[in-house]
Amino acid sequence: MFTFVPLLLLPLVFGYDWGGYVYEEDLLYDHFPGDFKWGCATAAYQIEGAWDEDGKGVSIWDNFVRIPGNIIDGTTGDVACDSYHKYKEDVQLMANMGLKSYRFSIAWTRILPNGIGERNQAGIDYYKNLIAELKANNIEPAVTLYHWDLPQALEDMGGWLNDSVADWFEEYARVCFEEFGDEVKLWITLNEPHETTIQGYGTGTMAPGKHGLGTLVYIASTNLIRAHAYAYRAYHADFANQNGQVGITLNVGWAEPMDPTNETHIEAAETNIQFNLGWFAHAIYKNGKYPDVMRQKIDEKSYLQGLPESRLPQFTEEDSLIIEGAHDFLGINFYSSNLVYPEISDIEDISYYADQDLAAPQSEDWYGSGSSWLKVTPFGIRRILNWAAKEYGDVDIYITENGFSDRQGNIDDLQRIYYYKHYLNQMLKAIVLDGVSVKGYYAWSLMDNMEWAMGYTEKFGMHAVNMSSPDRERTPKESSKWYGRLIAENGYVESVSPCF
Ligand code: GBH
């Protein structure tokens with residue numbers, strides 16, 4: 001997939017036009033809808049620390065970080081930002097920006113230390129206190145049930161590869177609905193199941209570090225989709241009186257055809273989006289099945305590879321019916337884009353990437369960031385929002401993550417402001433000019449934190465955190481102030497944009 005191409009020569013070959021940069025004069029000066037939910041996002045393992053306090057069980061990340069070589073700087077999330085102890089201070093940072101909502105995740109192992117069975121009251125109290133603090137500051141909680149930290153006890157039974165995981169997840173979700181549902185009205189079942197499976201069970205770059213890029217990934221994806229749907233149905237069967245909404249958060253990069261005038265490039269870009277967003281969204285938001293292009297390609301390749309059955313499982317009839325329509329909204333995490341063109345894979349290559357028959361490089365013309373995969377492509381957010389609205393029929397959408405990394409963590413983070421300013425303006429265009437129903441936006445992230453396998457080397461925060469001090473002091477960056485002004489104006493006016 002990441003085949004090297006002489007990018008500089010491509011304009012000559014294809015004369016491509018990926019939409020170009022957006023400039024100051026292209027900014028739309030207008031307002032967001034009045035009830036728009038402005039927020040920041042975090043995840044439990046990345047900020048909480050207190051990894052073994054107050055009865056918390058061990059998660060797959062607690063173990064994964066202890067294996068040498070897994071985390072680039074040899075660090076762990078044992079303490080991280082210490083938000084387990086500093087949540088009141090965190091809520092003040094949010095209040096200072098004028099946030100309307102805060103997206104955080106619950107650590108499954110704080111609630112049910114063994115994944116199923118006995119509850120841990122101290123863990124439940126932590127989130128009750130956090131929610132109360134948010135409410136006292138007029139900030140609505142938006143809760144992710146699962147942001148990658150599976151209880152080790154469940155991994156020991158096969159984790160996302162065991163069909164029973166859908167039932168285990170439902171049990172955990174029910175406990176959360178019961179304990180927190182009076183206060184929480186926006187529930188996200190899973191964060192980026194694409195990464196849970198690709199990196200957790202495919203490349204092994206994330207916990208639990210398994211390798212099955214053309215095989216295990218499709219077993220895990222099937223169980224992730226089932227788990228989401230079981231939790232969704234449980235909510236609407238038994239907690240409907242709480243009047244909340246349940247959705248899932250999916251990550252996708254925008255796929256721009258390398259040559260937009262070439263039909264095969266357009267088709268390859270479409271295939272790429274179906275293998276990323278469609279992999280999880282198609283069954284839930286369309287018809288209870290994997291996308292046609294995945295079914296067709298993986299079935300055919302599996303046959304040619306001499307396998308007894310397709311590497312892509314079928315949902316049972318019963319599950320299909322449970323999955324289809326299991327949503328109140330769609331959460332999208334959007335960061336970057338790729339240029340896509342067709343490239344037939346070697347049939348011997350049993351891999352999710354080979355299954356797509358395409359290449360997806362990024363342009364060297366795009367500004368970079370502190371993360372290899374994150375290039376600055378503001379046009380992509382407007383295009384993916386339009387794509388999703390068209391494909392999934394005007395569903396309500398939340399951008400549940402979007403953000404920019406650097407390595408320095410400087411306080412005058414002008415590149416981050418540039419990124420947010422242009423991405424958010426493209427989102428405004430999707431809402432105002434294109435009519436896409438975007439209900440809220442969560443910047444990733446409230447503060448610098450434990451960036452998974454990249455440790456503390458990549459910083460996405462609107463606040464810096466002093467990781468060498470036991471007190472983990474937070475300092476607002478310029479971007480937090482810019483974001484606060486945007487929220488206060490609820491749109492683009494002279495006082496917001498010219499500053500950056
Ligand atoms: C999100 O993932 C996560 O939800 C969040 O926890 C995280 O901190 C944040 O974004 C920033 O990374 O190196 O070519 O294999 C972002 C989506 C998709 C980004 C996979 C990294 C790996 C691409 N991720 N991608 S590659």
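This is a predicted model: local features need pLDDT of at least 70, side-chain atom pairs count only at pLDDT 80 or more; totals for chains, interfaces and linings use all residues.
**The ligand**

The ligand is surrounded by 17 residues, and the closest are Gln 46, His 147, Glu 192, Glu 451 and Trp 452. By type, the shell around the ligand divides into 7 nonpolar, 6 polar and 4 charged residues.

| Residue | Atom in the side chain | Distance to an oxygen atom of the ligand |
|---|---|---|
| Gln 46 | polar side-chain atom | 2.8 Å |
| Tyr 335 | polar side-chain atom | 3.1 Å |
| Trp 444 | N or O atom | 3.2 Å |

The ligand taken alone exposes 580 Å², and the protein buries 78% of that.

**A helix pair**

Helix H11 covers residues 263-287 and helix H14 covers residues 378-391. These two helices pack at an angle of about 45°, and their axes are 11 Å apart. Because of that angle, H11 counts as oblique to H14. The crossing of H11 past H14 is right-handed.

**Backbone features in loops**

Trp 444, listed in the table for its 3.2 Å distance to a ligand oxygen atom, is joined to Ser 445 by a cis peptide bond with omega of about 20°. Ser 445 lies in the loop between strand S11 (438-444) and strand S12 (463-465).

Another cis peptide bond runs from Ala 207 to Pro 208, with omega near 5°. Pro 208 sits in the loop between helix H9 (193-201) and helix H10 (216-238).

Asp 82, a residue other than glycine, has a positive phi, near 60°. Asp 82 is placed in the loop that lies between helix H3 (60-64) and helix H4 (83-97).

How values were computed: Residues are numbered from 1 along each chain as its sequence is written. Side-chain values use heavy atoms; hydrogens and water are left out. A residue is near a molecule or strand if one of its heavy atoms lies within 4 Å of it. A polar contact is a pair of N or O atoms within 3.5 Å; within protein, one must be able to donate a hydrogen and the other to accept it, and residues adjacent in sequence count only if both atoms are side-chain atoms. Accessible areas come from the Shrake-Rupley method with a 1.4 Å probe; for residues, only the protein chains shown count as cover. Ala, Val, Leu, Ile, Met, Phe, Trp, Tyr, Cys and Pro count as nonpolar, Asp, Glu, Lys and Arg as charged, and the others, Gly among them, as polar. Axes are lines fitted to C-alpha atoms, for helices over the stretch in contact, and angles run from 0 to 180 degrees between N-to-C directions. Helices (H or I, at least four residues) and strands (E, at least two) are DSSP runs, numbered from the N terminus. Angles under 35 degrees count as roughly parallel, over 145 as roughly antiparallel, 65 to 115 as roughly perpendicular and the rest as oblique. A crossing is left-handed if the near helix is turned anticlockwise from the far one by less than a right angle, and right-handed if clockwise.
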